[in-house]
Amino acid sequence: MNKFQHQHTAHCETGVMSSMLDYHGVQISEPMALGLSSSIAFAYLPFIKLNGLPLIAYRMPPRSVIKGLKKRLKLNLDYERFTDPKKGMIALDKQLDAGNIVGLQTSVYWLPYFPDDMRFHFNAHNLLVYAKKNNTYLISDPVFEKPVSCSTDELQKARFSRGALAPKGMMYFIDKPPKPVNYTKLIPLSIKSSARSLTAPIPIIGIRGIRFLANKLARLDRTMPDKKQQILFLGHIIRMQEEIGTGGAGFRYMYASFLQESATLMNNKLLEDASNMMTDVGDHWRNFALHTVKMCKNRSHYDLRELSKLLHKCASEELKVWKLLKKI
Amino acid sequence: MKKEDVPQDNSRSYGGHKKIIYATTSSGKYEKTNSSGWEAEEFVTLMAVNELETQARAAYKHLQNGETSPLEYHMYNSRMDLLGLSQATGLFQWQIKRHFNLINFTNISPKTISLYTQALGITKMELQTTPTRGSSDE
């Protein structure tokens, strides 16, 4: 038996990488995985639709945590994808037989252990398989408190679901034990990278992306006259921010936690201040969510301009943090 | 956010599970904190679930009235839409729409049927018959 320890985390991809590295002897917390891979972000992508609504992301695209950590920590991490589901399952078994643990990209919808209200067609979920017993896979799904399990058929279905972001059986695992992490080098490097992308001069990305969405809200009455459609759109923003396992406030609290951990590791006052400021930014995002939902529930206070202002406030507060972090 | 301010609203959408929120202790240190739900989040989740449910119910009406084939209902019942089913099957949206028509539906090739059954996770029998809907019909 291996010494694998299940870990309950906020987000799937950061959680999988944190647990996998832990198993291979490198202790990296979930916030550290988010921070070192520079995966915090904001993007408003109107040309990618989820159930007819634009994609709003609070982090970099799927797999960027894995790729980011692989690059920064120089991990011997292998990815494999398959066209033949059978081969994909055999390859998984082979790794498990060798005593390795394996990360998988799957659909959420086809995993039998998800509560009904959380089952949506989302293809970029991540989980860890740590053993197989009599045709049942023992799974550490980081967004669940306890380990779960899944039959061969069900897991195969989830790994090979088709559609947007199709996983194509994607599996990843670490071959050789990783080297210890050089925090003093990597922390400033990864923070600078995030600060750059969050303040990038692209209208739908980072701080400008938040402002873009805020401006869109202010004139939503003209572009989306149907009230019902508006409410669905507002609800969608909040779902992307809170429901999709972000640790609260669209990863902002998790990032504040990363900054705090970094401040201690590097004994750095600037990082400590930035962490406190990022916590306040998170509180602004939660406040925006709360007000939005209140307006959706009680239409008498419905005021899109007010929401737009709150979102602009998030943008300006967050900009201050990233400007400060650029100085590191 | 402080640990004691982390909402514990026992949300239905969590199905009895807990999620992790990063929050600070009284001394300002971040810790993973369990949350049993947040009312605001639950509201938007259930709104999305209800929207899908409404679509499925409307499609069931169409089916009962003999206006469409069972495909439309099964699509929405699997929480998909035209775009999603199109991406999952590799068929064009207009092809799928054609198959909503009862007459066209009876003429689908076995190969296309299997595309649908795989994408929707149902058997051929289920796809071709009118299902009975339970208590959620009200």
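Colleague: How far apart do the C-alpha centres of domain 1 and domain 2 of chain B lie?

Modeller: In this predicted model, the C-alpha centres of domain 1 of chain B and domain 2 of chain B are 40 Å apart.

Colleague: And which residues belong to each domain of chain B?

Modeller: Domain 1 of chain B covers residues 3-37, and domain 2 of chain B covers residues 52-130.

Colleague: Turning to chain A, what is its domain assignment?

Modeller: Chain A is assigned domain 1 (12-174) and domain 2 (183-325). The C-alpha centres of these domains of chain A lie 25 Å apart.

Colleague: How many residues are in contact between domain 1 and domain 2 of chain A?

Modeller: On the side of domain 1 of chain A there are 27 residues, and they are in contact with 37 residues of domain 2 of chain A.

Colleague: How many helices and strands are there in chain A?

Modeller: Chain A has 12 helices and eight strands. Its radius of gyration is 20 Å, close to the 20 Å given by the globule rule for 328 residues, so chain A is as compact as a globular protein of that length. The C-alpha trace of chain A spans about 60 × 50 × 30 Å along its principal axes.

Colleague: What share of the residues of chain A count as buried?

Modeller: Of its 328 residues, 59% count as buried. The accessible surface of chain A is about 13,600 Å², and carbon and sulfur atoms contribute 54% of it.

Colleague: Now the sheet. In what order do the six strands of the open sheet in chain A stand?

Modeller: The order in chain A is S3-S8-S4-S5-S6-S7, with antiparallel pairing. Strand S3 (77-80) and strand S7 (148-151) of chain A each have a single partner strand, which is why one side of each has no neighbour in the sheet. From one strand to the next, the twist averages 35 degrees.

Colleague: Over how many bridges do S5 and S6 of chain A pair?

Modeller: Strand S5 (residues 125-133) and strand S6 (residues 136-140) of chain A pair over five bridges, in the antiparallel sense. Val129(A) stands opposite Ile139(A), which belongs to S6(A).

Colleague: Which strands does helix H4 of chain A touch as it packs on the sheet?

Modeller: Helix H4 (residues 85-97) of chain A touches S3, S4, S5, S6 and S8 of chain A, and its direction makes about 65 degrees with that of S5(A).

Colleague: What about helix H5 of chain A: which strands does it touch?

Modeller: Helix H5 (residues 152-159) also packs on the sheet, where it touches S4, S5, S6, S7 and S8 of chain A. The direction of H5 makes about 90 degrees with that of S7(A).

Notes:
Residues numbered from 1 in each chain as written. Chains lettered and ligands numbered in written order. Predicted model: local features only at pLDDT ≥ 70, side-chain atom pairs only at ≥ 80, totals over all residues. Heavy atoms only, no water. Pairing = 2+ DSSP bridges. Helix = DSSP H or I, 4+ residues; strand = E, 2+ residues; numbered from the N terminus. Axes fitted to C-alpha atoms, helices over the stretch in contact; angles between N-to-C directions. Contact = heavy atoms within 4.5 Å. Domains from an automatic or database assignment. Rg over C-alpha atoms; globule rule 2.2 N^0.38 Å. Buried < 20%, exposed > 50% of the residue type's maximum accessible area, 1.4 Å probe, protein only. Areas by Shrake-Rupley, 256 points an atom, 1.4 Å probe, with all protein chains shown as cover.
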